[in-house]
Amino acid sequence: MASAPHTGISARQAEAGRYDLVVLANRLPVDRTTDEAGRPGWRQSPGGLVTALHPIMKQRAGAWIGWHGLPGPAPSPFVHDDIHLHPIALTADDVEGYYEGQSNATIWPLYHDGVEQPVFDRAWQDRYRAVNLRFAQAAARVAAPGALVWVHDYHLQLVPGMLRELRPDLRIGFFLHIPFPPVELFCQMPMREEIMRGLLGADLVGFQHAQGTRNFRTLAAELLGAEITDTGIRYQGRDVAADTFPISIDVAEQQRLGSDPAVRSRAAQIRRELGDPRTVILAVDRLDYTKGIECRLRAYEELLSRQGLDPADTVLVQVAVPTRQQIDQYQALRERVEREVSRINGEHAGIGRMPVHYLHQSFDRAELAALYLAADVMAVTPLRDGMNLVAKEYVATRADGTGALVLSEFAGAAAELRQAWLVNPHDLDALEEALAGAAFADADEQRRRMEPMREHLRRHDVNAWAAGFLNRLGRIAVGSRTPAPQRAAGSRGRWAEHARGWSARPAGRPVVRSSSGDTAALARD
């Protein structure tokens, strides 16, 4: 286990169920398991956020508040690997309205440039308010006086404002892991003022890309009349900092996996199983409409058709990790992708070879690392993505400097991995050219591009990201803001009215539509 990055904040032991560091995320950092004897248990979840925060949480005896993953009553609070876990209960109606509905059928598509039409449903909005209030009240109960509270992602955008009313003594940070949209898109949201007020309840709001930070500052001024200052945003007598903190990966772990003899042996086996082609192109995505899978398949098929790539000597391995399978748009996407894969293989396959190997399943970290080592080209071409850590994992795993990364301009990672073959995934001609260029790059060209990216990742790993955010939040002086009236931790305030479906919004000032071109900007967040 990696050591905790230095945050400049001394560790304190939890006292009487109160903690000086509290993390809120939609999910707990553990997954349910069952051992060989059928006994239930828990294991640490994979993923960058858990990896980054786990050592810090252990060092500071922190608490993590999140959903345990199943509808129904929540388990009692428990400790796992020295982290105090406080599960949140969600009913089946909560899962449908707050999670599948407002979070993933409304906010997710809207924040990803409206790739799919967002659905606006008042019942979903009420569920979203109610669940956000549940999270805020849980944090208010367990946070020690003056604690640092770090709220994560689009599921919980109302929590900072709710928690500010319940516990004005806290230092509250919020980090958005997905893009934050420009004025013209965000203002479609029926809850637009409410979400902005919720986010401005934080002391520090972090984004993946500078464009998201600029969009947020613009909206604070135009939607709520906040004052934009050199250091942040002045709103209702408080200073709110908004800044860019691009998330990263555990570089040391990826390098360890890349040099593991068992992983390297598995990579060689994968090449043999694929028929030892000249070129292996790899794509690893959640099966999501934002990931550009259909555009990538069309570009690849056109390359095969015009012999830009030889179908007898080229293989595309498309890993499509199942996600949100209960949502109609995702079911339809799966049908379209699988139909296109079948068509390409039907037209271009030969005896004993297939130009597309499609894997609708999840893989553990070791198998993914083996795939990274087996791939000559990594195709990361989302239509919109907050960061995309797969691109960073591929670069970090290739310790010898070989390999080629084709990367969408609209992934947040493009702002950092500038030496990749950057491409507009909507432009099929450009996408074909990038794939072919990467496939035929020689070893010198590969190293010239890969080495600067690997060096950047070594200096900007996930530990540096977590420490950077927490250091910034920890330097905020509690006395520098005008406190709201103190409420008891169990108080509900005006957010309770929202949760019951009442409208407590003040009459909004007119929205000034931006004409600055933000919508058309190549916002790679």
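This is a predicted model: local features need pLDDT of at least 70, side-chain atom pairs count only at pLDDT 80 or more; totals for chains, interfaces and linings use all residues.
Biologist: What covers the buried residues of α7?
Modeller: The cover over the buried residues of α7 includes α5 (183-186), α6 (192-199), β9, β11 and β12, where buried means under 20% relative accessible area, exposed over 50% and partly exposed in between, with a 1.4 Å probe and protein chains only.

Biologist: Which residues of α7 are buried, then?
Modeller: They are Q211, G212, T213, N215, F216, L219, A220, E222, L223 and L224. Residues are numbered from 1 along each chain as its sequence is written, and side-chain values use heavy atoms, with hydrogens and water left out.

Biologist: And which strands does α7 lie across?
Modeller: Helix α7, residues 210-224, lies across β9 (204-207), β10, β11 and β12; helices (H or I, at least four residues) and strands (E, at least two) are DSSP runs, numbered from the N terminus.

Biologist: How far apart are the end C-alpha atoms of α7, and what should its 15 residues span?
Modeller: The end C-alpha atoms of α7 are 21 Å apart, which agrees with the 21 Å that 15 residues should span at 1.5 Å a residue, the expected span being 1.5 Å times one less than the number of residues.

Biologist: What does β9 pair with?
Modeller: On the β8 side, the two strands pair in the parallel sense over three bridges, and V205 in β9 has F174 opposite. With β12, β9 also pairs in the parallel sense, over four bridges, and the partner of G206 there is D243. Two strands count as paired if DSSP finds at least two bridges between them.

Biologist: How does β11 run relative to β12, parallel or antiparallel?
Modeller: Strand β11 (residues 233-235) runs antiparallel to β12 (residues 238-244), with three bridges joining them, and R234 stands opposite D239 in β12.

Biologist: What is the strand order of the whole sheet?
Modeller: Ten strands make an open sheet with mixed pairing, in the order β5-β6-β4-β1-β7-β8-β9-β12-β11-β10. Its edge strands, β5 (78-80) and β10 (227-228), each pair on one side only.

Biologist: New topic: how is the sheet of six strands arranged?
Modeller: That open sheet is parallel in its pairing and runs β15-β14-β13-β16-β17-β18. Its edges are β15 (356-359) and β18 (421-423), each with a single partner strand, so one side of each is left without a neighbour in the sheet. Strand β14 (residues 314-321) pairs with β15 in the parallel sense over four bridges, and V317 has H357 as its bridge partner in β15.

Biologist: Where does pLDDT stay under 50?
Modeller: It stays under 50 over residues 8-14, for which the model has 17 contacts (heavy atoms within 4.5 Å) beyond four places in sequence. Residues 479-525 also stay under 50, and there the model has 111 contacts beyond four places in sequence. Over the chain, pLDDT averages 88, and 87% of the residues score at least 70.

Biologist: And how many helices and strands in the chain?
Modeller: The chain has 17 helices and 18 strands, and buried residues make up 57% of its 525 residues.

Notes. Axes are lines fitted to C-alpha atoms, for helices over the stretch in contact, and angles run from 0 to 180 degrees between N-to-C directions. pLDDT is the predictor's confidence in each residue, from 0 to 100.
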